[in-house]
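Student: I'm new to this one and would like to go through it slowly. Could you show it to me first?
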Amino acid sequence: MSRSAHPAGPRHADVLPEGRSAGSTAPPADLNALDPRVWAQTVRRTPEGAVTVGGIDVRKLAHEFGTPAYVLDETDFRARCRAWRDAFGADADVFYAGKAFLCRAVVRWLHEEGLNLDVCSGGELATALGAGMPAERIALHGNNKSQDEIERAVGAGVGRIVLDSFQEIVRVAHTAARLGVRQRVQLRVTVGVEAHTHEFIATAHEDQKFGLALAEGQAAEAVRRVLQLDSLELTGIHSHIGSQIFDMAGFEVSARRVVGLLAEVRDEHGIELPEIDLGGGLGIAYTSEDDPAEPHDIAKALRDIVTRECEGAALAVPRLSVEPGRAIVGPTAFTLYEVGTLKELEGLRTYVSVDGGMSDNIRTALYDAEYSVALVSRSSPAPPMLSRVVGKHCESGDIVVRDAFLPADLGPGDLLAVPATGAYCRSMASNYNHALRPPVVAVRDGAARVIVRRETEEDLLRLDVG
Ligand SMILES: Cc1ncc(COP(=O)(O)O)c(C=O)c1O
């Protein structure tokens with residue numbers, strides 16, 4: 001890994017090809033600036049130029065742990081846990097959605113910071129229980145839970161199982177009866193709302209795999225069936241409407257429709273279910289264009305929506321739960337890469353190849369997600385160069401950052417960091433091209449430690465038993 005800066009070449013272009021946006025169409029005023037809304041809390045650029053996180057220079061992290069690596073700011077993670085916990089207060093529950101990123105250290109932090117945990121597989125459940133999360137603070141999700149997952153969850157005494165189908169109602173009820181327990185459950189309903197960033201689509205029904213539809217009375221029928229089963233305790237209704245949501249309008253419709261069902265249950269069965277879970281999906285800033293809401297504003301908005309709807313239905317206000325994943329872990333990590341090669345396409349852009357790619361961040365390729373990127377091993381006075389940061393995989397779609405401005409003196413050996421990769425990156429990482437999944441390095445108060453180690457070829461070959 002070389003540290004040398006490269007002479008400023010005529011490689012810079014500061015306009016984007018037609019129709020593309022790099023977060024913004026024009027280069028940022030200061031290429032070395034790090035937007036605090038996009039980068040983790042303790043990330044700083046030193047006067048000398050290199051970037052530090054938790055007080056540690058990224059060059060030292062790269063030297064000690066290698067690249068690519070996910071660098072997670074533990075201080076920021078814990079602060080976000082507290083912000084959500086405090087925003088929702090003691091009369092509500094915040095479940096961190098483990099699918100965003102989960103490992104034993106994260107489970108311990110969640111436990112210590114007073115959050116609950118939403119898991120959606122046997123593997124996540126094992127990680128949660130193995131790292132000491134009390135079972136009653138765990139919720140099990142999933143649209144097709146295996147009998148083994150149900151067995152282990154009921155056996156462990158998880159606080160909540162979110163039922164997703166008629167078959168599951170029977171499976172969980174039988175398992176609970178056999179184990180002699182009364183399992184607390186919620187019903188996941190589809191409310192006909194699909195929300196993403198600033199839009200939401202409210203329809204009568206939804207063409208998707210999750211939940212029991214409000215439309216055609218499926219959800220009401222599911223309530224009837226659960227209430228007839230002694231081994232199940234129906235505590236509430238769950239709805240999750242989408243991801244990377246910035247606008248509360250979708251939650252408004254979702255809450256109204258869920259409260260509508262709660263009123264139906266009261267009218268038909270004379271029962272007021274004590275809980276409502278509005279899921280996760282709150283957005284984060286991936287680029288300076290994004291403007292996510294703060295937990296306090298989200299909590300107030302959701303609480304007001306639910307209270308208003310319940311007053312309208314003359315219902316007692318149920319206990320509110322939410323399940324943020326991305327909004328807690330997303331901003332707390334960045335991925336550290338080393339630049340390997342640069343390829344300028346005259347009048348188009350410069351391809352900057354790094355030592356990772358779609359195997360450590362599939363979101364750009366899978367969802368056309370936008371990311372930011374910055375040179376972090378030094379600062380640079382060089383003019384902006386329109387760049388595409390790509391990986392080392394044999395796949396033209398192997399793009400990490402589609403359009404970004406980087407200093408024109410960028411060269412092999414420089415370190416780049418892509419912020420806001422805490423969520424749905426390591427958790428969706430793969431071994432495509434037999435790539436080795438990078439480590440997760442947690443930093444806090446000048447100390448760095450590996451919380452998920454780098455995969456080795458031995459790890460890969462251990463599975464290769466042919
Ligand atoms: C049921 C449920 N809850 C919570 C989440 C977390 O969503 P996010 O990470 O966008 O907050 C998801 C994500 O898919 C989900 O399916």
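Tutor: Before we look at how helices pack, note that an axis here is a line fitted to C-alpha atoms, taken for helices over the stretch in contact, and that an angle runs from 0 to 180 degrees between N-to-C directions. Please also keep in mind that this is a predicted model.

Student: Okay, so at what angle do H2 and H9 pack?
Tutor: Helix H2, residues 74-88, and helix H9, residues 295-312, pack at an angle of about 30 degrees, and their axes are 8 Å apart. Because angles under 35 degrees count as roughly parallel, H2 is roughly parallel to H9.

Student: And which residues make the contact?
Tutor: On the H2 side they are Ala83, Trp84, Asp86, Ala87 and Phe88, while H9 contributes Pro295, His296, Ile298, Ala299, Leu302 and Arg303. By class, the contact of H2 with H9 has eight nonpolar residues, one polar and two charged.

Student: What about H8, where does that meet H9?
Tutor: Phe251, Glu252, Ala255, Arg256 and Val259 of H8 meet Leu302, Ile305, Val306, Arg308, Glu309 and Cys310 of H9. Seven of the residues in this contact of H8 with H9 are nonpolar, none are polar and four are charged.

Student: Switching topic, which residues come nearest to the ligand?
Tutor: There are 14 residues around the ligand, and those that come nearest are Gly281, Glu323, Gly325, Arg326 and Tyr424.

Student: How far is the backbone of Gly281 from an oxygen atom of the ligand?
Tutor: A backbone N or O atom of Gly281 lies 2.8 Å from a ligand oxygen atom. For Gly325, a backbone N or O atom is 3.0 Å from an oxygen atom of the ligand, and for Arg326 the corresponding distance is 2.8 Å.

Notes:
Residues are numbered from 1 along each chain as its sequence is written. This is a predicted model: local features need pLDDT of at least 70, side-chain atom pairs count only at pLDDT 80 or more; totals for chains, interfaces and linings use all residues. Side-chain values use heavy atoms; hydrogens and water are left out. Helices (H or I, at least four residues) and strands (E, at least two) are DSSP runs, numbered from the N terminus. Angles under 35 degrees count as roughly parallel, over 145 as roughly antiparallel, 65 to 115 as roughly perpendicular and the rest as oblique. Contact means heavy atoms within 4.5 Å. Ala, Val, Leu, Ile, Met, Phe, Trp, Tyr, Cys and Pro count as nonpolar, Asp, Glu, Lys and Arg as charged, and the others, Gly among them, as polar. A residue is near a molecule or strand if one of its heavy atoms lies within 4 Å of it. A polar contact is a pair of N or O atoms within 3.5 Å; within protein, one must be able to donate a hydrogen and the other to accept it, and residues adjacent in sequence count only if both atoms are side-chain atoms.
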